[in-house]
Amino acid sequence: MASTLSPSTMTGTPGPPEMSERIRNAADISVIVVYFMVVMAVGLWAMLKANRDTVGGFFLAGRDIVWWPMGASLFASNIGSGHFVGLARTGTASRIVIAVFEWNALLLLLVLGWFFVPIYIKAGVMTMPEYLRKRFGGKRLQIYLSLLSLFICVALRISSDIFSGAIFIKLALGLDLYLAIFILLAITAIYTITGGLASVIYTDTLQAFIVLIGSFILMGFDKVACVVPSECVKHCGIEVGCSNYAYPMLVMELMPNGLRGLMLSVMLASLMSSLTSIFNSASTLFTMDLYTKIRKQASEKELLIAGRLFIVLLIVTSILWVPLIQVSQNGQLFHYIESISSYLGPPIAAVFLLAIFCKRVNEQGAFWGLIFGLVMGLIRMIAEFVYGTGSCLAASYCPKIICGVHYLYFAIILFFISILVILGVSLLTKPIPDVHLYRLCWALRNRTEERIDLDAQEERQEEADDHVDGGDPEETRGCFRKAYEAFCGFQKKGPKLSKEEEEAQRKKLTDTSEKPLWRTVVNVNAILLLSVAVFLHGYFA
């Protein structure tokens, strides 16, 4: 069942203040309060249950999470408010074709699991910059990826999540968009207190099931907000269209009392969970990968202050970026996300693909391929921001040589040009000896010889610094200090592991063996998913 509103009937549509009255009832308010209490309880339970006094315990939840909450958390983290707002908006304009974006992910995620992840596990790395440092050596690639990741955090993750979440708050409470953004960030700052990977996984699991239930209820409904620019300005403040409001309006208008409050709570809680993760990741990235390069002797207190000040800067920059999201790609949030990814992502994809499958690629080739691809992508992105992307009402004046190709075709061209540059520069420079590449690329993935890491000297220096830092005398702590440290996971360190224990732990972390039963189950499910994706492509084509 679909309802389409023409400009002539748009005047009868209730504005945000009237719509906000829908959530002011006992059922919705009670559900919101109970839901947040349950989520906080689950988060606290997982936080106290998890071992957070080690790097593996805090960042990787001790590698001790079973498959079903891990899968639900991956789903909930990937499908957040940005997807609901962006996909619903673009779906009103292009219908089923937008689903192809998600169907294509089926193949790529399986490729990631079958080919890339085993190499990352065998390499014994925790982050992608760490893998590049082991694979190629040097610091240029790590600094490049850190800077680019921070820019992507602002241009894609934080600003788009803030914008989509603020739309929900605006419609629910009848507030100005930027006042809604301020409230959202204030709530997020409070929510950050209960952070931690284990708690995020279990709270995301709860949210994933509720989001799925609410989404199935709304299937089959549609709503087009406006066509005439003056009407769009009247109802949502921009000329290019109000379709970003499609999904929130469906939630506010079609769902019954209670379920409406539940969906609003889930979307905001999921959004805040994503934002806290992004804030912490970006702060860590800046502090550990960039600030320590500038201030090599910085104290721990200085690093903590720098990280928190950077979060404030990150939030301000993201809010200033929101107006670009509103008007870019004709106001379609999902197209904005995909276009920015198409301009910045292909060179990175080319480097990781060649790093895994072509051992001849070296650091010089990877670095200059990334730089060349970045320059090409920035030229296209900046040109679109300056000239606009055009619409059915006004054409864009961007030069055809720059903007004449659709952003998806541009991504394909950029990907292959980056590959050519990487291979060309690598073939003109010295190769990396195999002794540095054992278990870091596909051809040498099963070699058992000891690998001499290209960053071995840096690792030895970090270990020496850890030994120096570990010699501090133990301070006398009061009850309040002990409670604070237990809440934050700053517990007393256990005894130092022996060399045999460290070697056993390293082998466990780099072991890629699987139980035959579950390997078969997962592979069969993967093949079934691929079959469904092929059928859907063929049927709707």
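Rings of Phe, Tyr and Trp (for Trp, its six-membered ring) count as a pair if their centres lie within 6.5 Å; planes under 30 degrees apart are called stacked, over 60 edge-to-face, and the rest tilted.

## Basis of the model

This is a predicted model, in which local features need pLDDT of at least 70 and side-chain atom pairs count only at pLDDT 80 or more, while totals for chains, interfaces and linings use all residues. Residues are numbered from 1 along each chain as its sequence is written, and side-chain values use heavy atoms, with hydrogens and water left out.

## Aromatic residues

Phe 115, Phe 116, Tyr 120, Tyr 131, Phe 352, Phe 357 and Trp 442 form one aromatic cluster. The structure holds 13 aromatic pairs. One of them is edge-to-face, because the rings of Phe 415 and Phe 416 have their planes at 80 degrees, with the centres 5.3 Å apart.

Burial is described here by relative accessible area: buried means under 20%, exposed over 50%, and partly exposed in between (1.4 Å probe, protein chains only). Phe 415 counts as buried because its relative accessibility is 19%, whereas Phe 416, at 48%, counts as partly exposed.

Two arginines lie over aromatic rings. The criterion is that NZ of Lys or CZ of Arg is within 6 Å of the ring centre and within 35 degrees of the ring normal. Arg 445 lies over the face of Trp 442, at 3.9 Å from the ring centre. Arg 380 lies over the face of Phe 410, at 5.2 Å from the ring centre.

## Salt bridges

A salt bridge is a side-chain nitrogen of Lys or Arg within 4 Å of a carboxyl oxygen of Asp or Glu. The whole structure has 7 salt bridges. Among them is the pair of Asp 453 and Lys 134, whose closest N and O atoms are 3.1 Å apart. Asp 453 lies in the loop between helix 19 and helix 20 (456-469) and Lys 134 in helix 8 (residues 128-136), so the pair ties together parts that are 319 residues apart in sequence. Helices here are DSSP runs (H or I, at least four residues), numbered from the N terminus. Asp 453 and Lys 134 are both buried. Together with Arg 451, Lys 134 and Asp 453 are linked in a network of salt bridges.

Asp 434 and Lys 359 also form a salt bridge, at 3.2 Å from N to O. This pair links distant parts of the chain, 75 residues apart: Asp 434 is in the loop between helix 19 and helix 20, and Lys 359 is in the loop between helix 16 (333-357) and helix 17 (363-387). Asp 434 is partly exposed, with a relative accessible area of 29%, and Lys 359 counts as partly exposed at 34%. A further salt bridge joins Glu 449 and Arg 447, with the closest N and O atoms 3.0 Å apart. Glu 449 is partly exposed at 34%, as is Arg 447 at 31%.

## Cysteines

Which cysteines form a disulfide? Cys 398 and Cys 403 do, with their sulfur atoms 1.9 Å apart; the criterion is a pair of cysteine sulfur atoms within 2.5 Å. The structure holds 1 disulfide. The link of Cys 398 and Cys 403 is right-handed, with 55 degrees about the S-S bond. Cys 398 counts as buried, at 8% relative accessibility.

Cys 441 counts as buried, at 1% relative accessibility. Cys 153 also counts as buried, at 13%.

## Covered helices

In helix 13 (residues 246-254), 7 of the 9 residues are buried, so the helix is largely enclosed by the rest of the structure. The buried residues include Ala 246, Tyr 247 and Pro 248.

Helix 8 is mostly covered, with 7 of its 9 residues buried. Among these are Tyr 131, Arg 133 and Lys 134. Just after helix 8, Gly 137 takes a positive phi of about 75 degrees.

## A nonpolar surface patch

Val 405, Tyr 409, Ile 412, Ile 413 and Phe 416 form a nonpolar patch on the surface, with about 490 Å² of accessible area together. Patches are made of residues with over 30% relative accessible area and no salt bridge; like charges are joined within 9 Å, and nonpolar side chains (Val, Leu, Ile, Met, Phe, Trp, Tyr) within 5 Å. Accessible areas come from the Shrake-Rupley method with a 1.4 Å probe, and for residues only the protein chains shown count as cover. Ile 413 is found in helix 19 (residues 407-427) and counts as partly exposed, at 42% relative accessibility.

How values were computed
Helices (H or I, at least four residues) and strands (E, at least two) are DSSP runs, numbered from the N terminus.
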